[in-house]
Amino acid sequence: MTVTSAHTVPPPASPGLRTGPAISLLLVSAFVVVLNETAMGVSIPHIMEAFGVSAASAQWLTTAFMLTMAVVIPITGVLLQRYPLRRNFFTAMSLFTVGTTIAAFAPTFELLLVARVVQALGTSIMLPLLFTTVMQLVAPERRGRTMGLVTIVTAAAPALGPTVSGVIVSSLGWRWVFLIVLPVAVLAIVAGAVWLRNVTPTMPARFDVLSVLLSAVGFSGLIYGLASIGEQAAHQGGLPPWTPITAGILALTGLVARQLALRNTDRVLLDVRVFTGRLFTMSTITVVVVSIAVFGSLILLPLYIQQVLSEPAYVAGLMLLPGGILSGVLAPFVGMAYDKVGPRAIVLPGSVIVTGAMFAFSTLSADTPVWLVIAMHMLLSIGTALMMTPLMTTALGAVAPKSYPHASAIVNTLQQVAGAAGTALFITLFTVAVSADSGGHPLEALAGGVGTAFGVGALISAVGIVLAVFLRKPPTTSHDSTQPAGTGSEISA
């Protein structure tokens, strides 16, 4: 079936333009906004005390952030097609800056939660903007090493978030997590005004209101229901979790049907035809698996360190620092290795290491030495670094160039859904296990809850080992602009 002219591939950016500054600025800006995404982990006990809220309620500061991203990121496929680079960048950073300002001075927990949502609006634009710009400007043979730098944003920044916030919270208080970030965000806006140019192409695209509504209801219902399981475990009553989950699944089913109906128009919100490519599908599913494990551990480890090991926030942050640094250092080298050997040889051992680390975490107790917790987290960081760069590069490299905005939006959306699901799952398992052992020693009950959550996380991570076997590097021909969206040479006939 022929695609309409509205979906013709736009001409590439002029080779005379300097694209290095654009990618560098996007990398730095995205690092800042993503770092803030996981900064709440260590801060949660302090925020719980300041506002008198439970752990199940406080985890919404992380869950609502990822929930907002899951709702907004699907829209970015149209935004990145329709509007130039500068406009999208300034929109993203302005929203993030406003949200950071509100959060820094929020007098109530409810207003702090609103601020996190505004921050997430900016972050949800920045991440797909970074991925799409890299895919449009960097040659296929160099994408691995460039995506390695991107992985510093997507893997190292979330890992460093608890460390940075732990040091800040212990010495200055939780509000300074936002106050210190604020001037950096403002400087990024100023730098963008001076250096950033519109070096990426645009093409016709329109918003379909029904698609946007179905996407919002679908993703928000699914994640709200998952998070509500943890809330209900701590406090009986309220809306049954299965109600929003069911509504979300039905809405997402309608969203897929709507996108297929609009596939040959310029109103498609998410071109789900990218899933007809086996490599894209396999890579994306594996991203979902590892995201559940990583984000779940990032919310639970700080709670374990502070509540079970009775360490202060700054110690919790420092304990997670070696793993975060290791992840960032490894990412560029993993990217270079990907350019040479492809994804399977890297992702397979990475998935084994992640699964082993999660099983190790399931043995945590009130007597586990600090050095062993640090070693376990470093092991998890090594596995994550080995997985994320090859997976993202393979997923986006397996689609036609005109599908980059849609593929980036889909991968980033599902990663946030998985992160929110992992956060909700780990907190739920932790809460239920602690409640079931309420008659025992408090510390042992808390440690048992942590072990249960990580044990289930290990089983989920093991799925990545199976999926990794089927990965391979997308052939260069998959970037032929004449191919339909979502099809690489691995499925062309």
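Is the crossing of α5 and α6 left-handed or right-handed? In this predicted model, the two helices cross in a left-handed manner. A pair of packed helices is described by two things, the angle between the axes and the distance between them. For helix α5 (residues 85–104) and helix α6 (residues 109–137), the packing angle is about 155 degrees, and the axes lie 7 Å apart. Because angles over 145 degrees count as roughly antiparallel, α5 is described as roughly antiparallel to α6. Sorted by class, the residues in the contact of α5 with α6 comprise 17 nonpolar and 8 polar ones, with no charged residues.

Attention now turns to the nonpolar core. The largest such core holds 142 residues, and the members that touch the most others are Phe89, Phe280, Leu300, Leu364 and Phe454. Helix α11 (residues 278–308) supplies the largest share of this core, with 15 residues. For Leu300, the partners can be listed once neighbours within four places in sequence are set aside: Phe426, Phe430, Val450, Ala453 and Phe454 are in contact with Leu300.

Most residues other than glycine have a negative phi. Ser310, however, has a positive phi, near 60 degrees, and is not a glycine. Is Ser310 buried or exposed? With a relative accessible area of 55%, Ser310 counts as exposed, because the cut-off for that label is over 50%.

Definitions and conventions:
Residues are numbered from 1 along each chain as its sequence is written. This is a predicted model: local features need pLDDT of at least 70, side-chain atom pairs count only at pLDDT 80 or more; totals for chains, interfaces and linings use all residues. Side-chain values use heavy atoms; hydrogens and water are left out. Axes are lines fitted to C-alpha atoms, for helices over the stretch in contact, and angles run from 0 to 180 degrees between N-to-C directions. Helices (H or I, at least four residues) and strands (E, at least two) are DSSP runs, numbered from the N terminus. Angles under 35 degrees count as roughly parallel, over 145 as roughly antiparallel, 65 to 115 as roughly perpendicular and the rest as oblique. A crossing is left-handed if the near helix is turned anticlockwise from the far one by less than a right angle, and right-handed if clockwise. Ala, Val, Leu, Ile, Met, Phe, Trp, Tyr, Cys and Pro count as nonpolar, Asp, Glu, Lys and Arg as charged, and the others, Gly among them, as polar. A nonpolar core is a set of buried Ala, Val, Leu, Ile, Met, Phe, Trp, Tyr and Cys residues joined through side-chain atoms within 4.5 Å. Buried means under 20% relative accessible area, exposed over 50%, partly exposed in between (1.4 Å probe, protein chains only). Contact means heavy atoms within 4.5 Å.
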